[in-house]
Amino acid sequence: MKRVFICLTLAFTLNSCNLLSAAGITSGGQPTKEAGENLTSTTANSAENVDHSAWDALLKKYVDANGMIDYKGFKTERSKLDAYLKTLSGYEPSNDWSVQELLAYYINLYNAYTVDLILDNYPVKSIKDINGAWTKGIVPVGNKELSLGGIENGVLRKMNEPRIHFAINCASMSCPKLLNEAYTAGKINEQLERATKEFINSDKNDISANSPKISSIFDWYKKDFITDKTPTVVDYINQYSKTKINSGATISYKDYDWNLNEQ
């Protein structure tokens with residue numbers, strides 16, 4: 001992956017790009033099965049079915065319907081979060097896991113360790129104020145140390161499921177909201193569909209027929225949304241948007257708000 005592309009996809013400032021290294025964004029040897037176009041929700045055909053109920057309970061308690069997070073509340077039950085993280089990190093995902101289990105596992109892993117990172121540095125105004133937030137190996141999985149950037153770019157993006165961009169949350173106001181329930185293999189397709197529809201039709205985008213102003217996510221990760229079925233980003237958005245964008249519309253991108261998504 002080219003250095004310039006890495007900088008764009010991680011949405012770093014120019015100065016921050018100098019801090020990136022190959023080690024910070026690789027998969028760390030994690031399995032990356034492709035989801036394909038016809039993902040279904042199922043717990044079958046997997047060597048492992050991970051229990052995410054502890055994370056689900058915390059999300060229901062400390063994340064509101066708009067995805068805003070009560071970090072102070074999370075801190076009062078840090079031991080429960082730590083126990084869940086320890087459980088996740090104790091697994092060693094393999095190709096014997098179903099693609100549904102892998103998607104749910106890595107999405108929850110990314111989101112839970114992002115909350116943990118904020119709590120480690122709380123109070124903080126922005127995740128961008130934390131040195132190496134996406135490049136440091138802060139996520140133990142088996143005997144590996146993954147970075148958040150590695151989970152996103154080295155694992156999830158390689159699974160050929162663009163809806164992951166609306167499921168992972170970077171603790172910022174312009175990010176897709178953190179769902180107040182854990183992702184699970186048994187509901188993964190419906191959850192990804194819900195997250196995508198909600199994000200595209202939210203105020204994170206200003207969609208109109210002729211002059212839409214859309215999230216910078218569609219600029220940074222443009223190639224992930226382009227397929228035979230959706231040859232342009234507009235085609236992808238129009239699958240979910242209540243307002244359809246005309247093919248000749250002039251597209252612009254919204255400034256990204258990196259302020260903390262705190263209640």
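A disulfide is here a pair of cysteine sulfur atoms within 2.5 Å. The model is a predicted one, in which local features need pLDDT of at least 70 and side-chain atom pairs count only at pLDDT 80 or more, while totals for chains, interfaces and linings use all residues. Residues are numbered from 1 along each chain as its sequence is written, and side-chain values use heavy atoms, with hydrogens and water left out.

When the whole structure is searched, one disulfide is found. Its partners are Cys170 and Cys175, whose sulfur atoms are 1.8 Å apart. Taking buried to mean under 20% relative accessible area, exposed over 50% and partly exposed in between (1.4 Å probe, protein chains only), Cys170 counts as buried because its relative accessibility is 10%, and Cys175 likewise counts as buried at 2%.

The next topic is the nonpolar interior. In soluble globular proteins, nonpolar side chains tend to be buried together. A nonpolar core is defined as a set of buried Ala, Val, Leu, Ile, Met, Phe, Trp, Tyr and Cys residues joined through side-chain atoms within 4.5 Å. The largest such core in this model has 79 residues, and Trp55, Phe74 and Phe218 are those with the most contacts inside it. The greatest contribution to this core, 15 residues, comes from helix 7, which spans residues 99-121; helices (H or I, at least four residues) and strands (E, at least two) are DSSP runs, numbered from the N terminus.

Phe218 deserves a separate look. With contact meaning heavy atoms within 4.5 Å, and leaving aside neighbours within four places in sequence, Phe218 touches Phe166, Phe199, Ile200, Asn205, Phe225, Val233, Tyr236, Ile237 and Tyr253. Phe218 also belongs to one aromatic cluster, formed together with Phe166, Phe199, Phe225, Tyr236 and Tyr240.

For aromatic pairs, the rings of Phe, Tyr and Trp (its six-membered ring) must have centres within 6.5 Å, and planes under 30 degrees apart count as stacked, over 60 as edge-to-face and the rest as tilted. By this rule the count comes to 19 aromatic pairs. One of them joins Tyr62 and Phe74, whose ring centres are 5.3 Å apart and whose planes stand at 40°, so the pair is tilted. Tyr62 lies in helix 4 (residues 53-62) and Phe74 in helix 5 (residues 71-76), so this pair ties together parts that are 12 residues apart in sequence. Tyr62 is buried, with a relative accessible area of 7%, and Phe74 counts as buried at 0% relative accessibility. Trp97 and Tyr105 form an edge-to-face pair, 5.3 Å centre to centre with 85° between the planes; Trp97 is buried at a relative accessible area of 4%, and Tyr105 is buried at 0%.

What, then, of the charged side chains? Side chains of opposite charge can pair when their charged atoms come close. Where a salt bridge is a side-chain nitrogen of Lys or Arg within 4 Å of a carboxyl oxygen of Asp or Glu, the count comes to 14 salt bridges. In the one between Lys80 and Glu77, the closest N and O atoms are 2.7 Å apart; Lys80 counts as partly exposed at 49% relative accessibility, whereas Glu77 is buried at 10%.

Asp116 and Arg78 form another salt bridge, with their closest N and O atoms 2.8 Å apart. This pair links distant parts of the chain, Asp116 in helix 7 and Arg78 in helix 6 (residues 78-89), which are 38 residues apart. Both Asp116 and Arg78 are buried.

A further salt bridge brings together the side chains of Asp224 and Arg157 (2.7 Å, N to O). Asp224 lies in helix 11 (residues 222-225) and Arg157 in the loop between helix 8 and helix 9 (188-200), so the pair ties together parts that are 67 residues apart in sequence. Asp224 counts as buried at 15% relative accessibility, and Arg157 is buried with a relative accessible area of 13%. Elsewhere, salt bridges that share partners join Lys177, Glu181, Lys187, Arg194 and Glu198 into one network.

Arg157 also takes part in a polar contact (a pair of N or O atoms within 3.5 Å; within protein, one must be able to donate a hydrogen and the other to accept it, and residues adjacent in sequence count only if both atoms are side-chain atoms). This contact, at 2.7 Å, joins the side chains of Arg157 and Asn153. Asn153 is placed in helix 8 (residues 148-155) and counts as buried at 4% relative accessibility.
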